[in-house]
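Here are my notes on the model, as numbered points. Please read them with the structure open.

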Amino acid sequence: MGQETILFVDDEKYLAEVGKEMLEDYGYEVDTLTDPLAALALFEKDPNRYDLLISDYTMPGMTGDQLVAKIHDLRKDLPAILCTGVRLAPEIEKIKGVSKILLKPFNMDMLIQIVKDVLNEPGT
């Protein structure tokens, strides 16, 4: 069971809610937002609150990789998972600061396993 706090950002409200429920079922504390700019503002208030960022890649206002970059300007060591419904170009998959890419649709087992893998990597 997880004990970490996760910031989960997806512009589709339903996916944000489902992701939150899945993660909370495993003991994680989860803050969800559907607006990446609001997520950045929340993160700026307390950068040390979070142990992991999970973000959709394609969102209005700011892409997931842009959000990761801005968050890493504040806290470089925060691991990040990008979620996407399309295969990303190889250069996008190697974005600095992105620990893993999670392809949509995903099920609870896939989500929990990748979160555990990222949180258990050395240095996290």
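Contact here means heavy atoms within 4.5 Å.

1. Basis. This is a predicted model, in which local features need pLDDT of at least 70, side-chain atom pairs count only at pLDDT 80 or more, and totals for chains, interfaces and linings use all residues. Residues are numbered from 1 along each chain as its sequence is written, and side-chain values use heavy atoms, with hydrogens and water left out.

2. Leu52. Set aside its neighbours within four places in sequence. Leu52 is then in contact with Thr5, Ile6, Leu7, Leu78, Pro79, Ala80, Ile81, Val115, Val118 and Leu119.

3. The cores. A nonpolar core is a set of buried Ala, Val, Leu, Ile, Met, Phe, Trp, Tyr and Cys residues joined through side-chain atoms within 4.5 Å. Buried means under 20% relative accessible area, exposed over 50%, partly exposed in between (1.4 Å probe, protein chains only). The largest such core has 19 residues. Those with the most contacts inside it are Ile6, Leu23, Leu52, Ile54, Ile81, Leu111 and Val115. Two or more residues each come from β1, α1, β3, β4 and α5. The most come from α5, which gives six. Another core, of 18 residues, lies apart from it; Phe43, Tyr50, Met62 and Leu78 are among its members.

4. Helix α5. Helices (H or I, at least four residues) and strands (E, at least two) are DSSP runs, numbered from the N terminus. Helix α5 covers residues 108-119, twelve in number. From first C-alpha to last it reaches 16 Å, close to the 16 Å expected at 1.5 Å a residue (1.5 Å times one less than its number of residues). At its start, a side-chain oxygen of Asn107 comes to within 3.1 Å of the backbone nitrogen of Asp109.

5. The buried face of α5. Which residues of α5 are buried? They are Leu111, Ile112, Ile114, Val115, Val118 and Leu119. Seen down the axis of α5, they fall within an arc of 165° (directions from the helix axis to the C-beta atoms), so they line one face of the helix. They pack against β1 (5-9), α1 (13-25), β3 (52-56), β4 (80-84) and β5 (100-103).

6. Asp56. This residue is found in strand β3. Is Asp56 buried or exposed? At 5% relative accessibility, Asp56 counts as buried. Its side chain makes a polar contact with the side chain of Lys104 (3.1 Å).

7. Worth a look: the cis bond. The peptide bond from Lys104 to Pro105 is cis, with omega near -5°. Most peptide bonds are trans. Pro105 lies in the loop between β5 and α5.

How values were computed
A polar contact is a pair of N or O atoms within 3.5 Å; within protein, one must be able to donate a hydrogen and the other to accept it, and residues adjacent in sequence count only if both atoms are side-chain atoms.
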